[in-house]
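Hi everyone, thanks for making time this morning. I'd like to walk you through one chain, so please have a look at it on the screen.

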Amino acid sequence: MNTLENNCLPLFRSTDPETSVLAAESAMPMCNRHRRLILVALRARNGTKDEIAEHCNLTGTQVARRMKSLIEDGLVGVSSEKRMTETGRMARVYFLAENKI
């Protein structure tokens, strides 16, 4: 399994019914697709989760769910810069880690 797919393992408990296991496994390709879209967006420019989401045609929640694993895999970093969102809150700015993609 390559670095891009490291943290896209199915998320289910051993006690979950088979339908939950199947649902988690069916979501894996979507996870990998979202990670790739996020990395392509960050190759174009640094951004907040909402800016990345807009570039990728994803929701902010879909982007946020992938950021932790992308950071843990060393593919994405968090800048000290903050940007104001449409709601007036300050948001982290993410960047593509050097020499990763």
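First, some housekeeping. This is a predicted model, in which local features need pLDDT of at least 70 and side-chain atom pairs count only at pLDDT 80 or more, while totals for chains, interfaces and linings use all residues. Residues are numbered from 1 along each chain as its sequence is written, and side-chain values use heavy atoms, with hydrogens and water left out.

So, the layout. The chain has three helices and two strands, and from the N terminus they come in the order α-α-α-β-β. Helices here are DSSP runs of H or I with at least four residues, strands are runs of E with at least two, and both are numbered from the N terminus. Of the 101 residues, 36% count as buried; buried means under 20% relative accessible area, exposed over 50%, and partly exposed in between, with a 1.4 Å probe and protein chains only. The chain exposes about 6800 Å², with 50% of that supplied by carbon and sulfur atoms; the areas come from the Shrake-Rupley method with a 1.4 Å probe, and for residues only the protein chains shown count as cover.

Now, the middle of things. Which residues touch the most other members of the largest nonpolar core? They are Ile38, Leu42, Ile52, Val63, Met67, Leu70 and Val76, out of 15 residues in that core. Helix 1 (18-44), helix 2 (49-56), helix 3 (60-72) and strand 2 each give two or more residues to this core, and helix 1 has the largest share, with four. By nonpolar core I mean a set of buried Ala, Val, Leu, Ile, Met, Phe, Trp, Tyr and Cys residues joined through side-chain atoms within 4.5 Å.

Take isoleucine 52 as an example. Setting aside neighbours within four places in sequence, isoleucine 52 is in contact (heavy atoms within 4.5 Å) with Ile38, Ala41, Leu42, Gly47, Val63, Met67 and Tyr94.

On to the two residues I promised. Alanine 97 sits in the segment after strand 2 (90-96) and counts as buried because its relative accessibility is 14%. Not counting residues up to four places away in sequence, alanine 97 touches Gly74, Leu75 and Val76.

Asparagine 57 lies in the loop between helix 2 and helix 3. Is asparagine 57 buried or exposed? Asparagine 57 counts as exposed, because its relative accessibility is 72%. Its phi is near 60°, a positive value in a residue other than glycine.
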